Amino acid sequence: ASFTISLRREDNITVTIKLKSTALPSCQIRLKNVIRSELKIKPGENVTFTFTCNTPEKYFIMEIQKNIDCVSGPCPFGEVHLYPPRLPHLNRTFIWDVKASTKAGLELEFSTPWLRQIEPGETCPDFVSYNINSCIDTATVDIGTFCRNGSVSRVKLLGGVVMSLHLPWDSPLTTSGFKIANRASIKRLCIIESILKEESSVTLMSPNYPLGFPEDELMTWQFVVPSNLRASVFFHNYSLSNCERKEERVEYYIPGSLSNPEVFKLSDSQPANIAGSFNLSLQGCDQDAQNPGILRLLFQVVVQHPQVDENVTHLVDLSKERNMTVTIHFEGWPSRVPLMSEPVCLICKDPRTCDRVLTLASGAIYKISFLCKDLSRLRITAEKGISCVDLRWCQRKIYSLLVPKAITQLPIQLHKFIWKLLAPDQLNIEIMSPSLKLQQHVPEQWCNTSYSYSIVSATPATELNIGVFCPGGSIEKIQMRNNITISLKTFGKGFLNDSNSQDLKMSFVPHIKDECIFTVSPSPKAKVYLQTPSWLYGLPPYVSISWYIIVPSKQVARLGFSKDRMGIACETGRAYVNIKEEAFGAEETVRREDELLPGPRNMYHNFWVNVSNCKPMDKMHLTLQFWVTFADKQIDLGVILAVVAGAGVLVAIGLTVCCVKKKKKKSQDPMVGVYNTNVNTQMPGKQHLFTKQRKTNESHVYAVIDDDMVYGHLLKESNGSVTPEVDVYRPFDGPVGSLPPSPPPFSFRKDRKFSSNTEEAPPLTDTDHDSYTFAHQKLGHMEDNGHTNEKNNGDMSMSFLENKEQDGLVE
């Protein structure tokens, strides 16, 4: 098909058809048997042409530019038409270049549905867009790019304007959608009017965004808002230039305000809950010529109806709190940024200071209100720091880790409360739950409560995730060496009632050698599952963890591991599992990473479980889980009968002695008192196990000790050779007051039957998988070294002979 374009000279219109920048020259323009790739039609020309292909819209674009002179001649006020008609169906851009004096600016008025500003690079849904540029002398300022269906009703510009309308080839649009309404001096770069008739939000940008607002310029946005609605302003993205003189700022003119204009920095919280229409102006400064910087602003204005409870204030008393912040925010903050179109929930410190996120600091009292239709979309996150400044004072103090009532009484769900506990180098941290106790969240025992605690122990180099715990378990306390972060997280609305029964506490305790020590006090007949920290990534290398399990007096505990082996191979060092019962003469069980773990066993007294890690091979990590169950102790009927029989014999002997004494008494002469200097005249007192302490007697000194008699129970039939193990066991240390498992000696010896021969056991090799058990060393005397409950282990052979000497069995 052929096309004819006829341009009148007085219209001052130029039409240019040219190839797209990305199109290949596979389609061309035929003009009077001449083939060309570009066609320019000037004012007063009449041109007929055709295309060499059937789909020219894929290859060509068209520009229609009209020059309008409002300086030397009359300005054509009124609607601007799309001219000329019957153009080829190509992507086309209409450009109106209007010249005007800076003393008489231009006003462009847009017909409904008005315009909506978009960021550079963003496209409009219908691909119809407007671009407005202001021309002041030789300078051009990009006011912005706009789509249809918005709130921008008019734009007033200082000087001339270049207005562009971009239409796709298949657009049915036949009108420009705007008119030149007036000429008026505005004494600023531009004024943009935005009409907000109902609940909505609008996003606007400063001119030249994001390249930078012109130096020392002033512009204004006028917002027309019905008096029955409330408007709030939010700055989402801004940057500042380097000012030599003046100061960049925003100014508000709010009808009825006592301080118009109200001046704010761009970094301030902007006014909210504004009743009715208002103006917002952006003022630049004189910039540093060497380093000007960039002034830019992207902001949002949200309009909504007054909330029913906007006048309801909530008192948040943080005056007695220290080192605490409370943040009220929308759901998903800070990882999720709310969409511009989402309904807004605002938190207000006063009627005009509102924001989506509000942070309150401790030491003050706040009165807050909410502009939000649905408070369930709001959350609270709080953080509190506890540290030790005076060592003498903080060791005597117990701190309560409770959520303050100032937070729980708010009509908002608590999302998370974080305690950051900082311990000095000389002290460690102990967490206690005396009444509720804690349950470790493991696959076999899920936490099903309204809140839980996530505990993380951290040093500058490493972070150890102790685990997730909830109330209602068996763990009385947890001692940790490093700084601690405890995060209380809530689930649902049940925490409001459960918060009254919180009992988590913390204190600073003397230094411990293990990374973490758990004290577990299960209920009778309970089954408790416990697992090593950092379950997902494995226990860090060279870390030692201990559990101290308390067994009720009338109960017997059964201990078992959830798997047969540790499941690792060590690159450096050795990994160990130690089990030690707190009983006189109890044996300690040790397993290495290359051995089978102990099978289920009964424990009749309080006992320790310790896990010490090595440096595992690549992609291997140590994770261990064990369980403890309880049952009533069974009483042996034979023992009862033996005790009863023994008691009967003693009674019979007593009666016989009594009768003999009575007979003698009758026949004896009266007794005469004689003083005997060799008799002890002191009152009888409590007899100790040893009449002399180990320091003051010499019962442990012998000229000759028979090795067979002393160490025979550690020997079995052997060929007489003993070689030490090549690996070195790392010491196990528990808390003060309880005796943790002692480390195995450097030379492991397998259990042997008691033998009178003097042959030593054969050397152990890596292929030996027998259990290593060691007789407990008997407790010696107490030494006062600052820890009154700490016990010293005496040499096993010496203690054995000492006991015999005290009982009169050693000659």
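I looked up the strand order and found four strands in an open sheet, 18-27-20-24, with antiparallel pairing. I took strands (E, at least two residues) as DSSP runs, numbered from the N terminus. Two strands pair if DSSP finds at least two bridges between them. The edges are strand 18 (200-205) and strand 24 (274-275), each of which pairs on one side only. I then checked the join between strand 20 (residues 230-241) and strand 24: they run antiparallel and are connected by two bridges. In strand 24, I274 is the residue opposite A231.

**Basis of the entries.** I note that this is a predicted model, in which local features need pLDDT of at least 70 and side-chain atom pairs count only at pLDDT 80 or more, while totals for chains, interfaces and linings use all residues. Residues are numbered from 1 along each chain as its sequence is written, and side-chain values use heavy atoms, with hydrogens and water left out.

**V303.** I located V303 in strand 27 (residues 293-304). V303 has a relative accessible area of 2% and is therefore buried (buried means under 20% relative accessible area, exposed over 50%, partly exposed in between, with a 1.4 Å probe and protein chains only). I compared V303 with L229: 74 residues separate them in sequence, and their C-alpha atoms are 6.5 Å apart in space. I listed the contacts of V303 (heavy atoms within 4.5 Å), leaving aside neighbours within four places in sequence; among them are L196, E198, V225, L229 and A231.

**H329.** I placed H329 in strand 29 (residues 324-330). Its relative accessible area is 1%, so H329 is buried. I found a polar contact of 2.9 Å between the side chains of H329 and T381. For a polar contact I required a pair of N or O atoms within 3.5 Å; within protein, one must be able to donate a hydrogen and the other to accept it, and residues adjacent in sequence count only if both atoms are side-chain atoms. Beyond four places in sequence, H329 is in contact with residues including R356, V357 and R377.

**K384.** Is K384 buried or exposed? I recorded K384 as buried because its relative accessible area is 15%. K384 belongs to strand 34 (residues 378-387). Its side chain makes a polar contact with the side chain of E321 at 3.4 Å. Outside the four neighbouring places in sequence, the contacts of K384 include R322, N323, F417 and W419.

**Aromatic rings.** I paired rings of Phe, Tyr and Trp (its six-membered ring) if their centres lie within 6.5 Å; planes under 30 degrees apart count as stacked, over 60 as edge-to-face and the rest as tilted. I examined F469 and F518, a tilted pair with 6.4 Å from centre to centre and 35° between the planes. This pair links distant parts of the chain, 49 residues apart: F469 is in strand 40 (residues 463-471) and F518 in strand 44 (residues 516-520). F469 is buried, with a relative accessible area of 0%, and F518 is buried, also with 0%. I also traced a cluster linked by ring pairs, made up of W221, F223, F235, Y252, F264, F278 and F299.

**Charges over rings.** I counted a charge as over a ring if NZ of Lys or CZ of Arg is within 6 Å of the ring centre and within 35 degrees of the ring normal. R356 has its charged end over the ring of F234, 5.5 Å from the centre. The charged end of K527 sits over the ring of W627, 5.1 Å from the centre.
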